[in-house]
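Subject: Model for your review

Dear colleague,

I am handing over the structure we spoke about, together with its sequence. Please look it over first, and then read the notes that follow it.

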Amino acid sequence: MDLGIRSAFAATGATAPRGTDHTLAGRIAWITALRLAFLVLLLGATATLYLRGELARYPFSLRIVFLTIGGGFALAGSIMAACAADGLRSRSARAFYQPAGLAHRTGKWVDRGFHPGDRGPMDLTDAARAWSEDGFVVLPGFIAVEDLKPAVDELGLMFPSADGFHDGTDPRRERFLGDEFAGIDEFPFASAELSLLAVSHCLLDLAEALLGEADVQIYGAEAWAKYTGAADYDQDMHRDYLGHTMLVPSSAPGFRQLEMIVFLVDVPEELGPTHLVPRKHIPDRPAVPNWFRRPGLGEPGDDLGRFTDASGSPQLYEAEVSAAGPAGTVVAFEVGTFHRGTQLTAPRGVRYNMHLNFRPSAIQWGQRRGWAYSAFKREWSEFVDRATPRQLQAFGFPPPGHPYWTPETLAGMALRYPNLDLTPWHAGG
Ligand SMILES: O=C(O)CCC(=O)C(=O)O
Ligand SMILES: [Fe+2]
């Protein structure tokens with residue numbers, strides 16, 4: 001299911017702004033103003049049409065009427081001012097979206113810190129409902145273009161541009177040929193901005209809201225470049241769970257695992273958007289087989305192993321919907337949701353995206369990457385130096401106030417990460 005307003009990006013090629021207005025304060029201010037206008041209109045009509053100047057004979061009553069109207073305006077004005085101030089606070093990111101009631105359920109709230117990328121209260125209830133019903137939700141333009149820009153500006157550190165690839169002027173192009181997965185870079189990225197974006201506070205907010213948990217961890221992060229003609233990107237319908245858990249997917253709240261595909265550029269149909277199958281449109285499928293070959297590919301009797309079905313599954317393909325969307329679109333889906341990557345057909349096209357995986361921290365069987373494995377790298381330290389405590393917590397850092405933090409460990413951390421501001425951990429919870 002798509003949430004938010006579809007933009008005309010596909011037709012114009014322009015980058016769309018964020019599609020949904022989440023500012024509750026703004027809406028309250030508007031409703032108050034409209035109500036006030038209606039009241040004044042009503043009073044005016046009564047005085048003109050009904051009393052026809054009769055009121056002037058009663059100056060005391062007239063005064064009371066004026067005082068009442070004045071009082072009403074003063075009251076409404078202060079309500080609107082309060083709303084505006086709240087809106088400003090939201091925009092300057094001092095307020096945080098917190099999924100209702102989670103603090104009580106997990107008891108694990110920690111100081112979530114301040115971050116310039118925070119965009120204030122957001123109503124993700126509809127997104128959470130859609131993801132529960134369908135097994136996925138598409139949020140067009142969820143990340144604002146200005147928040148994407150620093151990372152997009154650094155993509156050249158990792159991947160050839162479309163021109164560099166298609167003109168053959170970038171020597172790095174060879175790597176992408178012949179294998180659709182060859183364009184994947186693992187976290188930590190050569191672009192620190194992209195690493196920071198992977199756990200931007202708005203994506204963590206989304207992960208918490210969809211997983212229904214206050215304590216979520218990122219367990220996989222990849223950046224992926226695909227170029228038209230470089231490889232065959234058209235995939236068979238599948239679920240990803242085999243590489244994300246040792247067990248099988250659970251749809252029960254608390255045990256779900258969340259994947260996010262984040263489009264870093266506009267991804268119209270010709271640039272191979274992900275296609276997904278809404279759960280409510282297909283009968284439950286057993287855990288095995290996992291891959292369903294495209295109709296017309298393979299024969300029913302083909303032996304491709306237990307995990308692949310070659311009988312052709314038109315129902316799955318007929319039910320698929322496209323996640324095509326502007327830059328900043330987030331495609332959020334469960335590890336048990338059927339989906340597939342599609343072909344890039346646009347001449348000289350490129351698609352850049354991130355593929356991120358989140359889980360409630362208690363789900364130890366949900367794995368993909370051990371972050372410490374790459375923590376010796378310069379890119380890791382560059383990320384850590386600039387990350388907020390909340391972002392680091394998403395990778396498994398103990399929160400401020402955790403008993404791990406002692407004079408001994410803090411002194412060690414100061415040596416290992418000399419540029420990391422350890423104040424929040426010194427200060428405790
Ligand atoms: O890139 C995409 O849109 C989806 C890729 C995918 O589903 C996969 O490689 O498992
Ligand atoms: Fe997949």
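In which loop is Arg 348 found? Arg 348 is found in the loop between S10 and S11, where helices (H or I, at least four residues) and strands (E, at least two) are DSSP runs, numbered from the N terminus.

Before going further, please note that this is a predicted model, in which local features need pLDDT of at least 70 and side-chain atom pairs count only at pLDDT 80 or more, while totals for chains, interfaces and linings use all residues. Residues are numbered from 1 along each chain as its sequence is written, and chains are lettered from A and ligands numbered from 1 in the order in which they are written.

Most residues other than glycine have a negative phi, and most peptide bonds are trans. Arg 348 is also exposed, because 12 other C-beta atoms lie within 10 Å; a residue counts as buried if 20 or more other C-beta atoms lie within 10 Å of its own, as exposed if 12 or fewer do, and as partly exposed in between, with C-beta atoms placed from the backbone.

As for the chain as a whole, it has 14 helices and 11 strands, and buried residues make up 38% of its 429 residues. Of the contacts with a separation of 6 or more, 82% are between residues 24 or more positions apart, a contact being two residues whose C-beta atoms, placed from the backbone, lie within 7 Å.

Six strands form an open sheet with antiparallel pairing, in the order S1-S9-S4-S11-S3-S2, and two strands are said to pair if DSSP finds at least two bridges between them. Strand S1 (136-139) and strand S2 (184-186) stand at the edges, each with a single partner strand, so one side of each is left without a neighbour in the sheet. Neighbouring strands of this sheet are turned by 20 degrees against each other on average, direction ignored. Helix H5 (residues 125-134) packs on the sheet, touching S1 and strand S9 (330-334), and its direction makes about 140 degrees with that of S1; axes here are lines fitted to C-alpha atoms, for helices over the stretch in contact, and angles run from 0 to 180 degrees between N-to-C directions.

Within this sheet, strand S11 (residues 350-360) is mostly covered, with 10 of its 11 residues buried. On S11, strand S3 (residues 216-227) pairs in the antiparallel sense over 11 bridges, and strand S4 (residues 258-263) is joined by six bridges, again antiparallel. Leu 356 of S11 is the bridge partner of Ala 221 and also of Met 260, while His 355 of S11 is the bridge partner of Glu 222.

The largest nonpolar core has 78 residues, of which Leu 210, Leu 264 and Ala 332 touch the most other members; such a core is a set of buried Ala, Val, Leu, Ile, Met, Phe, Trp, Tyr and Cys residues joined through C-beta atoms within 7 Å. Helix H9 (residues 201-211) gives the largest share of this core, eight residues. Leaving aside neighbours within four places in sequence, Ala 332 is in contact with residues including Trp 131, Leu 206, Leu 210 and Met 260.

Strand S5 (residues 275-276) and S10 pair over two bridges, and the bridge partner of His 275 in S10 is Arg 340.

Arg 340 also belongs to the residues surrounding ligand 1, together with Gln 235, Asp 240, Ile 261, Thr 274, His 339 and Gly 341; a residue is near a molecule if its C-beta atom, placed from the backbone, lies within 6 Å of it.

Lastly, there are two cis peptide bonds to check: the one from Phe 187 to Pro 188, with omega near 0 degrees, and the one from Val 288 to Pro 289, with omega near 5 degrees. Pro 188 is found in the loop between S2 and helix H8 (192-198), whereas Pro 289 lies in the loop between S5 and strand S6 (291-292).

With best wishes
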